[in-house]
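Trainee: Could you walk me through this model, feature by feature? I would like to learn how to read each one.

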Amino acid sequence: MTRLFGSSGITNQPTGLDIGVGGSSIKSIQRGSVAISSTSVINVPITSVDLTKSIVLFTHQVPTSTTDVSNTFVTAELTTSTNIAFTRGGTGNGGTIKWEVIEYNNVKSVQSGSYLSTLASETKTITSVNTSKSTSILS
């Protein structure tokens, strides 16, 4: 699906994704990429965003020579209004992360957290939301 960003908001918005009504729902988008070498945590500075209205999305490209699966598991967190922390399990050649921070104008709530699960299936409790106007993102 093609999404066009402009002063009138997003066109071709998928059904069920409520990111605001009227005007532009997106305040700012920041994008970049970072190479992870032999470190398990890398901090990336960004222009200040409101943490209650922002999300971080990313993809992680691992070198084909990577044999340690812990090098492929990466998490991302907006640790401050001006920083993204990428963390991974290993310290070998980590590849490249392409990231995007989206700050919205009209957000009812953003919930975030972390959890290490050892089970195949598990349920986590969150604050009540309208499921017809919500989405879940793992990173």
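Mentor: Start with the secondary structure: the chain has 0 helices and 8 strands, where helices (H or I, at least four residues) and strands (E, at least two) are DSSP runs numbered from the N terminus. This is a predicted model, in which local features need pLDDT of at least 70 and side-chain atom pairs count only at pLDDT 80 or more, while totals for chains, interfaces and linings use all residues. Residues are numbered from 1 along each chain as its sequence is written, and side-chain values use heavy atoms, with hydrogens and water left out.

Trainee: Which strands form an open sheet, and in what order?

Mentor: Strands of a sheet pair through backbone hydrogen bonds, either parallel or antiparallel. Two strands count as paired if DSSP finds at least two bridges between them. Here 3 strands form an open sheet in the order β3-β8-β5, with antiparallel pairing. β3 and β5 are the edge strands, each pairing on one side only. β5 and β8 are joined over 8 bridges, and Val56 has Val101 in β8 as its bridge partner.

Trainee: Which residues touch the most other members of the largest nonpolar core?

Mentor: In soluble globular proteins, nonpolar side chains tend to be buried together. A nonpolar core is a set of buried Ala, Val, Leu, Ile, Met, Phe, Trp, Tyr and Cys residues joined through side-chain atoms within 4.5 Å. The largest one has 16 residues, and Ile46, Phe58, Ile84, Phe86, Ile97, Trp99 and Val101 touch the most other members. Elements giving two or more residues to this core include β3, β5 and β8.

Trainee: How many aromatic pairs are found in the whole structure?

Mentor: Rings of Phe, Tyr and Trp (its six-membered ring) pair if their centres lie within 6.5 Å; planes under 30 degrees apart count as stacked, over 60 as edge-to-face and the rest as tilted. The search finds 1 pair: Phe58 and Phe86 are edge-to-face, 5.7 Å centre to centre with 75° between the planes. Phe58 lies in β5 and Phe86 in β7, 28 residues apart, and both are buried.

Methods: Buried means under 20% relative accessible area, exposed over 50%, partly exposed in between (1.4 Å probe, protein chains only).
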